[in-house]
Amino acid sequence: MPTETIDEAEAAGTAELLAIDAVVLPGRAKLTIDDLATKVGVEPDVVRSFWRALGFVDTDDDERSFTKHDVTILKSLVALTQDGLVDPVIALQVSRVIGMSLANVATAVVDAGAARSVERREAAADSDDGDDVADDPSALAVRAGELLPFMSEVIDYSFRRHLRAAARRRVLLASSPGGETQVIGFADLVRFTELSLHLDDRELADLVGRFDSLVHDVVVGNEGRIVKMIGDAAMFSVLDPVQGALIALELTDAVERDPILGGLRVGMASGPILARDGDLYGPVVNTASRLASIGRAGAINVNQSLRDELTGDRRFTLRSLGQRNLRHIGEMRVYRLRHGSMRRHPAAHPAANPE
C-alpha cells in the first residue's frame, strides 16, 4: 500500500478503516465501475444492478473501489446468466437474499466483538489493578482477518446443509396431496414493550437472546423452519400439522416456565402459501399473524383448516372461540389449541430453567 495513502488516512483519522480494507478485501482497489464493466464485458448499469442487489452503496464514477477479485466474481455471475443457466431476474433476486443475509452475519460478528470490548472495559473499570484493556480500534482489523478463514468455512458448510434441507422440503411439498400447503406460525411475546422500558441495554439483549435461543431449539427440534425473527416475535413454518401443534405447545410451555420472558401468544394457520426469496407470503401468513394477537399469554389460536387436520389426535384439544373479526381479513372461525389427554412431556428448555 502506498505510503501516501496511509498518510492521507492517518490525517483523516481513518487509518483503522484502511487497515480493515487491507485485511478483509483481497487485492488492491484500482478499478472504477467503468473499468470493472469493461473487463467483465457488460454495461456499467449491469454492474450497478448486482452491486446494489448485494446491498452495497453506489460508488462515484471516478472512485477506484474495485479489485481483480471483483472482476473474477462478477464474470462468473454474468456468465451464468449469459449461458442461460440462471435467469437474470432470478440472479438479482438471489443476490438480494445473499446480500441481506450476509450483511446480517457480518453485522452480528462485529456487534458481538463490540459488546465484548464493552464488557472488558467495564471489567477493567471495576478492577483495582489499573490495567487498561480497552481495545485499539485498529484491533478490529486483526480480529476480522483472524475470523475470515473460519467464517468462510462455516458459511460454506451451513449453505450446503441448508441447501440440502431446502431441496428436501421442496421435494416433499411437490409430492404431497396439498401441493404448496404449509403450516405457518407466529409466536409473539406478550408485554415485550412494557418489559423493555424497565431494562437496560444488556438486560434487553439478554431477553431477546433468550427468546431467540428458545425459538430456535424448539422449532428446529420439531422439524420446522424459522422464517424470520421480528424483534419480539418469530415466524416459523412446518410441513406437518402435528409438528406445528407440538411446536406451539412446547413454545408456550417453555415461555410460561421462564421467569423473564413473561408470556407468549401463538397464531397458526394452514393452507397454500407463496414462497419467494426465502420468505413466505399469502393470506395464510396474514391470518397466522392476526391470530397471534388474540387472547392472553399462553393462547394458541388456529384457523379452521388446521383444526380439521388436528381433530382426532388425542394429544390436542381444540375449542371453538366462535367467529372473530380479524383486522384486514374479516370474519373467521377461530379455535383455541391446548394439550389433550395424551400430553407429550418435552424436556425442559435450558433457557427456561436457569441455574
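Q: Which helix does Ala103 lie in?
A: This is a predicted model, where local features need pLDDT of at least 70, side-chain atom pairs count only at pLDDT 80 or more, and totals for chains, interfaces and linings use all residues. Residues are numbered from 1 along each chain as its sequence is written, and side-chain values use heavy atoms, leaving out hydrogens and water. Helices are DSSP runs of H or I with at least four residues, strands are runs of E with at least two, and both are numbered from the N terminus. Look along residues 88-126 and you'll find Ala103 in helix 6.

Q: What is the relative accessible area of Ala103?
A: Buried means under 20%, exposed means over 50%, and partly exposed is in between (1.4 Å probe, protein chains only). Ala103 counts as partly exposed because its relative accessible area is 38%.

Q: Which residues of helix 4 are buried?
A: Helix 4 covers residues 44-53.

Q: How do helix 3 and helix 4 lie relative to each other?
A: Their axes (lines fitted to C-alpha atoms over the stretch in contact, with angles from 0 to 180 degrees between N-to-C directions) come within 8 Å and cross at roughly 105°. Angles under 35 degrees count as roughly parallel, over 145 as roughly antiparallel, 65 to 115 as roughly perpendicular and the rest as oblique. Helix 3 and helix 4 are therefore roughly perpendicular.

Q: Which residues of helix 4 meet helix 3?
A: Contact means heavy atoms within 4.5 Å. On the helix 3 side, you have Ile33, Asp34, Leu36 and Ala37. Their partners in helix 4 are Pro44, Val47 and Arg48.

Q: What word describes how helix 3 lies relative to helix 5?
A: The axes of helix 3 (residues 33-40) and helix 5 (residues 68-82) come within 9 Å and cross at roughly 50°. That angle makes helix 3 oblique to helix 5, so the word is oblique.

Q: Which residues of helix 5 make the contact with helix 3?
A: Helix 3 brings Leu36, Lys39 and Val40 to this contact. From helix 5 come Asp70, Val71, Leu74, Lys75 and Val78.
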